[in-house]
Amino acid sequence: MDTGFEFIGSESIIPSYRIVRAGAASPSINPAPKPALSSWHGAGFALCWSLLCFMRGEARFVTAEQAVAAIPDGVTVAVGGFVGAAHPEMLTAALERRFLDTAAPRDLTLYYCAGQGDRGERGLNHLAHEGLLRRVIGGHWNLAPRLGKLALENRVEAYNLPQGVLCTLVRDIAAKRPGVFTKVGLNTFIDPLHGGGRLNALTSEPLVERIELDGETWLRYRAIPIHVALIRATYADAAGNLSMEGEGIIGEVLPMAQAARNHGGIVIAQVESVVERIFDPKAVRVPGILVDYIVTSGGAQHDQTFGEVFDEAFVVSSNETEGVAAMSWSERKIIGTRALMEVRPGEIVNLGIGLPEAVAAVAAETGRLKDMTLTVEAGPIGGVPASGLNFGCSYFPEAIIDQPAQFDFYDGGGIDIAVLGAVEVDSEGSVNVASFAGRFAGVGGFTNISQSARRLVFCFSFKAGGLEVAMQNGALKIVTEGSHPKFVTRLSHVCFHGPSAIARGQEVLYVTERAVFKLTPTGLRLIEIAPGIDLQRDVLDGMAFMPSMSEVGSIPAECF
């Protein structure tokens, strides 16, 4: 081989290697000051540290090309990251180059939890090549449209499973447990009765099954071996320990590394720089005993997110509200203002991507941010969630925990209220967010969050596609009507099931710029309309079904 590795043999699925030629020199850095040590302690420390490194072999620093050369055909590759945060861009780009140059490796299964990409070329878009991939198992697809194209054209096996299930499943894969047992996904398109999350005709193997436990119906998401983990951190030390001081999230780096190691595989870590020693053992997010290859980026292809090279506000705590731009008046601000009225002081809140972000903007503008704790499924708690290609991070968070732990809290009912988007709604109050306009976006964390939050507010414009509104003499006027109805008779994908929410005892509202609906045991009930709106012309005629109505009130004037 000319990869710079010496094969030393293994009974595992993927061979083990010892590095015999280092890659490029590490950049010059200034590590954190060492704690004061007595001369005896200092000598003992140095001796033990040198012995440890010697016993493990020399530091396994290689180039990205050398690292991805160790990935064989037919294995499952798990990639960490959230949009662009903590995504190992240098590694996925190198894997793409290897395939384009050599047609290898082939027939990989790609496993990822959160969507990773910029809707263009970065992130998991690098891996969207027929032949390179045989199967894709992912939580969100919209940020990697090239992957979505392969799935829609029936050129890869494709599954969309809940993001929270996938990230907690990695821990079960690491522990070699039989999978995740949960009610998340019941009565949605992920339920085996409704497709099992399979996205095309090529995809036949069931990864989800219904089971009965103690007289209740559950879903079991099957564990599958992970053979290669591609992860990212900020620093590595000489023993391969990884820390994430500069990353906006932690993600699922540890269970991914554990899963690959426990299935005889390899762990490849991209880091920004190398330090002699990470002195605080609690700062180590992935211990060196799990890491096979380390690729030092030196900052190249290591932007903190796909929207920012580096923003300190994502990794420090403060009472500031920087990052929340003031909103100009629009239907989005109307909706955000009305949704904010449902948030009570002291509540723990999750805001979805897109229009729900308006809630944070209005809360900042009105001084209400201090009344609530905003959280993001990626792990930030407190602060203000970032948007766009920075989504997943928060400005000045109070804490950042790993994504599986965040979903443990969510799934157990830890969210008081979630404010989420919606693409389509039917008469039962069921919601589609997964597909629209010939594209497949996927559910991401939506299914976990919408099934577990105690109260829900779905935020969306009454119609999409060119909608324009204005206020005239205190009345809302539809200047240009949207071209795409949101209230439909049949959903392309059921991502939230209204009748199941009623059975769980959830309180659910649907907020648009001109009308507000409430979920009831008989379906949607219209409870408010905006001043100036004609009930028949502007609301009922734009719906494919008739909601129930009783004492319809007005959307509060302060929303306008």
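What is the mean pLDDT of the protein, and what share of its residues reach 70 or more? The mean is 91, and 89% of the residues reach 70 or more. Do keep in mind that this is a predicted model.

**Confidence**
- Residues 1-41 are the stretch to treat separately: pLDDT stays under 50 there.
- For residues 1-41, the model has 76 contacts beyond four places in sequence.

**The largest pocket**
- The largest pocket holds about 1100 Å³ of space.
- Its lining is made up of 43 residues, and those closest to the pocket centre are Ile353, Ala422, Val423, Val433 and Phe436.
- Two or more lining residues come from each of these elements: α7 (331-340), β16 (348-351), β22 (417-421), α10 (446-452) and β31 (484-485).
- Sorted by class, the pocket lining has 23 nonpolar residues, 13 polar ones and 7 charged ones.

**Helix α7 and its partner α8**
- Helix α7, which contributes to the pocket lining, also meets helix α8 (residues 357-365), with the two axes coming within 8 Å.
- The axes cross at roughly 75 degrees, which means that α7 is roughly perpendicular to α8.
- On the α7 side, the contact is made by Arg332, Lys333, Gly336, Thr337, Ala339 and Leu340.
- On the α8 side, the residues in contact are Ala358, Val359, Val362, Ala363 and Glu365.
- Taken by class, the residues of this α7 and α8 contact are 6 nonpolar, 2 polar and 3 charged.

**Cavities**
- Rolling a probe the size of a water molecule over the atoms shows where empty space is left.
- Searching the whole structure turns up 3 cavities of 30 Å³ or more.
- The largest cavity has a volume of about 40 Å³.
- Lining the largest cavity are Tyr111, Ile137, Leu161, Leu166, Leu169, Leu207, Arg222 and Ile224.
- By class, that cavity lining has 7 nonpolar residues, no polar ones and 1 charged.

**Backbone details to look for**
- Most residues other than glycine have a negative phi, and most peptide bonds are trans.
- The peptide bond from Ala104 to Pro105 is cis, with omega near -5 degrees.
- You will find Pro105 in the loop between α3 (89-102) and β5 (108-111).
- Gln301 is not a glycine, yet its phi is positive, at about 50 degrees.
- Gln301 sits in the loop between β15 (293-296) and α7.

Note on methods: Residues numbered from 1 in each chain as written. Predicted model: local features only at pLDDT ≥ 70, side-chain atom pairs only at ≥ 80, totals over all residues. Heavy atoms only, no water. 1 Å grid on protein atoms, 1.4 Å probe; cavity = no way out; pocket = protein on both sides within 12 Å on 5 of 7 lines; lining within 4 Å. Points joined across faces, edges and corners; volume = space filled by probe spheres on them. Helix = DSSP H or I, 4+ residues; strand = E, 2+ residues; numbered from the N terminus. Nonpolar A, V, L, I, M, F, W, Y, C, P; charged D, E, K, R; others polar. pLDDT = per-residue confidence, 0-100. Contact = heavy atoms within 4.5 Å. Axes fitted to C-alpha atoms, helices over the stretch in contact; angles between N-to-C directions. Parallel < 35°, antiparallel > 145°, perpendicular 65-115°, else oblique.
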